[in-house]
Amino acid sequence: RKKVMVISTGAKQLDELLGGGIQTMSITEAFGEFRTGKTQIAHTLCVIAQLPTAMGGGNGKAAYIDTEGTFRHERIKAIADRFGIDSEAALENILVARAYNSEHQMDLITEIAARFAEEKGIFRLLVIDSIIALFRTDFSGRGELSERQQKLNQMLSRLMKIAEEFNVAIYLTNQVQSDPGAGMTFVADPKKPVGGHIMAHASTTRLYLRKGRGEERIAKVYDSPDVPEAEAPYAITVGGIVD
Ligand code: GTP
Ligand code: MG
């Protein structure tokens with residue numbers, strides 16, 4: 001029997017909110033407006049996943065599907081420095097793939113699952129940043145929403161199987177809905193994740209991220225039946241996510 005493991009986010013209060021960190025055999029979704037730290041949390045998790053379990057790590061490798069071109073080697077190196085691990089080795093332990101459309105994203109997931117199978121027990125984390133962006137571009141027409149949701153559902157079911165079969169933690173980033181505002185502008189509704197009930201159903205844990213005062217950020221567990229609606233502040237630094 002596989003045992004659930006947790007991977008620390010780098011911030012104690014955020015870890016506590018999550019019951020120790022993000023869990024394997026589970027999907028954690030983070031959504032929030034731009035610059036709330038979704039991508040920086042992803043980078044931090046990729047390094048911490050490699051640390052020994054005694055340090056809050058998963059003692060394994062990470063895979064990263066980048067749909068927005070925001071994966072940065074320099075960020076990984078700086079986070080590795082914070083934890084005192086070799087930065088080149090830290091980078092080599094992250095399998096990074098850039099996805100260019102939603103179908104390509106699905107193909108990459110299939111390839112990554114094959115790697116997980118080849119290197120059994122070696123990978124502990126799969127990041128998709130973002131799960132939804134390419135779907136929104138590919139199915140932007142008025143009549144295409146149900147097809148988008150159907151394809152998204154297939155992808156999320158595949159991801160849940162991968163999480164369970166290979167005992168990996170899956171971290172997905174999501175966006176917030178934009179509603180037509182005054183005049184020609186669109187304003188984001190920061191509290192509404194994209195993806196509807198398909199996304200809601202697939203995520204084991206949903207984190208709503210928002211900006212606080214100055215550089216402060218706040219995470220809240222969203223819509224969970226068993227976790228109280230607690231909040232945790234965190235900050236983004238050169239060394240990744242901290243309290
Ligand atoms: P979108 O993808 O645009 O929706 O945003 P996001 O939620 O992914 O935001 P991201 O994780 O990219 O966070 C951006 C924030 O991280 C910005 O406020 C940056 O100032 C901050 N940031 C990124 N790198 C560093 C760094 O090296 N040091 C510090 N202090 N802050 C950083
Ligand atoms: Mg981002």
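This is a predicted model: local features need pLDDT of at least 70, side-chain atom pairs count only at pLDDT 80 or more; totals for chains, interfaces and linings use all residues.
A crossing of two helices is called left-handed if the near helix is turned anticlockwise from the far one by less than a right angle, and right-handed if it is turned clockwise. The crossing of helix 5 and helix 7 is left-handed. Helix 5 covers residues 102–118 and helix 7 covers residues 145–166, and the two pack at an angle of about 15 degrees, with their axes 11 Å apart. Since angles under 35 degrees count as roughly parallel, helix 5 and helix 7 are therefore roughly parallel to each other. On the side of helix 5, the contact is made by Ser102, Gln105, Met106, Ile109, Thr110, Ala113, Phe116 and Ala117, while helix 7 contributes Gln154, Met155, Arg158, Leu159, Ile162 and Phe166.

The model contains an open sheet of 9 strands, whose order is 5-4-6-7-3-10-11-12-13 and whose pairing is mixed. At its edges are strand 5 (94–98) and strand 13 (240–242), each of which pairs on one side only. From one strand to the next, the twist averages 25 degrees. Strands of a sheet pair through backbone hydrogen bonds, either parallel or antiparallel. A parallel case here is that of strand 6 (residues 123–129) and strand 7 (residues 169–174), which are joined by 4 bridges. Within this pair, Leu126 has Ile170 of strand 7 as its bridge partner.

Helices also lie against the sheet. Helix 2 (residues 38–48) packs on it, touching strand 3 (26–32), strand 4 (61–66), strand 5, strand 6, strand 7, strand 10 (205–211), strand 12 (231–237) and strand 13, and the direction of helix 2 makes about 165 degrees with that of strand 7.

How many of the residues of helix 2 are buried? The count is 11 of the 11, so helix 2 is largely enclosed by the rest of the structure. Among these buried residues are Lys38, Gln40, Leu45 and Ile48. His43, which has its place in helix 2, has a relative accessibility of 1% and therefore counts as buried. Leaving aside its neighbours within four places in sequence, His43 is in contact with Tyr64, Thr70, Phe71, Arg72, Arg75, Ile76 and Ile79.

Helix 2 also has a helical partner, helix 3 (residues 73–82), and these two pack at an angle of about 55 degrees, with their axes 9 Å apart; helix 2 and helix 3 are therefore oblique to each other. Helix 2 passes helix 3 in a right-handed crossing. Gln40, His43, Thr44, Cys46 and Val47 of helix 2 make the contact with Arg75, Ile76, Ile79, Ala80 and Arg82 of helix 3. The residues of this contact of helix 2 with helix 3 divide into 5 nonpolar, 3 polar and 2 charged.

A last stop is Glu16, which has its place in helix 1 (residues 12–17). Is Glu16 buried or exposed? Its relative accessible area is 62%, so Glu16 is exposed. Glu16 and Thr28 are 12 residues apart along the chain, and their C-alpha atoms are separated by 15 Å.

Notes: Residues are numbered from 1 along each chain as its sequence is written. Chains are lettered from A and ligands numbered from 1 in the order in which they are written. Side-chain values use heavy atoms; hydrogens and water are left out. Axes are lines fitted to C-alpha atoms, for helices over the stretch in contact, and angles run from 0 to 180 degrees between N-to-C directions. Angles under 35 degrees count as roughly parallel, over 145 as roughly antiparallel, 65 to 115 as roughly perpendicular and the rest as oblique. Contact means heavy atoms within 4.5 Å. Two strands pair if DSSP finds at least two bridges between them. Ala, Val, Leu, Ile, Met, Phe, Trp, Tyr, Cys and Pro count as nonpolar, Asp, Glu, Lys and Arg as charged, and the others, Gly among them, as polar. Buried means under 20% relative accessible area, exposed over 50%, partly exposed in between (1.4 Å probe, protein chains only).
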